[in-house]
Amino acid sequence: AVSYHFAKFVWVLDLERNRAATLAARDSLSRAHALLDPSAERIEASFGATALPANLRLPAAVERPPLVLLIPGLDSTKEEFFTLERFFLERGMATLSMDGPGQGEAGFQLTVRPDYEVAVAAVLDSLAGREDVDGDRVGAVGVSMGGYYAPRAAAFEPRIKALAAISGPYDMSASWEALPSLTREALQHHTGSGSEAEARERAAELSLAGVAERIEQPALIITGKRDRVIPWRDTRRIATEARHAEWVLFEGGTHVCNNLACRYRPLVSDWMAERLGALM
């Protein structure tokens with residue numbers, strides 16, 4: 001599933017082949033989920049005329065566990081979170097990995113939108129009334145552009161009680177020229193823009209100016225000093241303006257600290273478990 005996903009990651013030259021690889025990743029992981037413990041339940045949250053798909057996984061032998069919403073980045077998808085989910089599950093938390101507007105399957109019908117909180121609200125609404133997760137203990141974790149989406153959602157969605165953002169942009173347009181060309185092309189596609197100039201305008205709408213200061217929840221903001229996609233100083237602005245934020249900079253970390261996953265993933269999952277009162 002991960003191989004299919006990264007085969008078309010930030011690659012929009014042939015949309016038919018991109019779509020085929022996206023569906024192959026989805027189907028591969030679905031088949032794997034049927035064999036795994038814990039397995040996964042596919043959730044389809046109503047969202048206007050379409051639906052937002054997500055994978056819900058529950059930890060073993062935990063009654064009404066807290067829930068951690070895993071939010072992808074620009075061209076990330078729920079299938080990318082399989083390894084990350086394990087860290088939360090092992091600490092007694094349920095995980096809900098979602099595709100939002102412009103992401104994965106949802107990207108077939110929907111383009112990127114700045115107000116990601118509406119997608120988060122729809123996904124959380126789809127779990128309302130369930131007894132197997134605790135809707136009063138919800139955390140959100142976002143990576144890359146998801147590190148913008150998670151703080152943005154927390155600022156407007158009170159059901160989120162804690163958030164962690166890894167390598168998120170404060171302003172997606174702030175370092176436009178320095179973005180990798182494939183990232184700019186993917187952003188143009190996923191925002192439905194007709195030109196790079198329009199894509200840059202849409203990117204400027206992905207800003208936490210006037211928003212980060214509204215975040216009341218505890219927040220963990222992480223990035224790497226060697227991040228060549230989102231400059232670490234841009235990510236630090238989120239921590240500076242959010243009211244109750246902790247800031248962690250890994251000196252040797254690259255984008256999303258993927259080269260230091262063994263350090264940042266336990267940090268995030270332990271921190272989230274403490275904030276949500278999970279069984280460690």
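I started with R86, which makes a salt bridge to E90, closest N and O atoms 3.3 Å apart. For a salt bridge I took a side-chain nitrogen of Lys or Arg within 4 Å of a carboxyl oxygen of Asp or Glu. This is a predicted model, so I used local features only at pLDDT of at least 70 and side-chain atom pairs only at pLDDT 80 or more, while totals for chains, interfaces and linings use all residues. Residues are numbered from 1 along each chain as its sequence is written, and side-chain values use heavy atoms, with hydrogens and water left out.

I then looked up how open the two partners are. E90 is exposed, at 51% relative accessible area, and R86 is partly exposed at 40%. My cut-offs were buried under 20% relative accessible area, exposed over 50%, and partly exposed in between (1.4 Å probe, protein chains only).

R86 has a second contact: its charged end sits over the ring of F87, 4.9 Å from the centre. To count, NZ of Lys or CZ of Arg must be within 6 Å of the ring centre and within 35 degrees of the ring normal. I noted R237 as well, over the face of Y170 at 3.9 Å from the ring centre.

Next, helix α3, residues 82–89. Helices (H or I, at least four residues) and strands (E, at least two) are DSSP runs, numbered from the N terminus. Which residues of α3 are buried? I found L84, E85, F87, F88 and L89. They pack against β2 (50–57), β3 (66–71), β4 (94–98), β5 (134–143) and α9 (261–276), with contact meaning heavy atoms within 4.5 Å.

Back to salt bridges, this time over the whole structure: I got 26. One of them joins R130 and E41, 2.8 Å from N to O. That pair links distant parts of the chain, with R130 in the loop between α4 (117–125) and β5 and E41 in strand β1 (residues 41–47), 89 residues apart. E41 counts as partly exposed, at 35% relative accessibility. I also logged R113 with D115, closest N and O atoms 2.7 Å apart. Shared partners join R26, D27, R42, E44, K78, E79, D99 and E105 into one salt-bridge network.

Aromatic pairs came to three. My rule pairs rings of Phe, Tyr and Trp (its six-membered ring) if their centres lie within 6.5 Å; planes under 30 degrees apart are stacked, over 60 edge-to-face, the rest tilted. Y116, Y148 and Y149 make one cluster.

Then the largest pocket, about 420 Å³. I used a 1 Å grid over the protein atoms alone and a 1.4 Å probe; a pocket is an open set of points with protein on both sides within 12 Å along at least five of seven lines, and lining residues have an atom within 4 Å of a point. Grid points are joined across faces, edges and corners, and the volume is the space filled by probe spheres set on them. What lies nearest the centre of this pocket? Of 24 lining residues, I have F9, S76, S144, H255 and V256 there.

S144 turned up again in my backbone check, with a positive phi near 55 degrees in a residue other than glycine. S144 sits in the loop between β5 and α5 (146–156) and is buried at 15% relative accessibility. A61 has a positive phi too, about 60 degrees, but A61 is exposed at 85%. Last entry: the D37 to P38 peptide bond is cis, omega near 0 degrees, with P38 in the loop between α2 (15–33) and β1.
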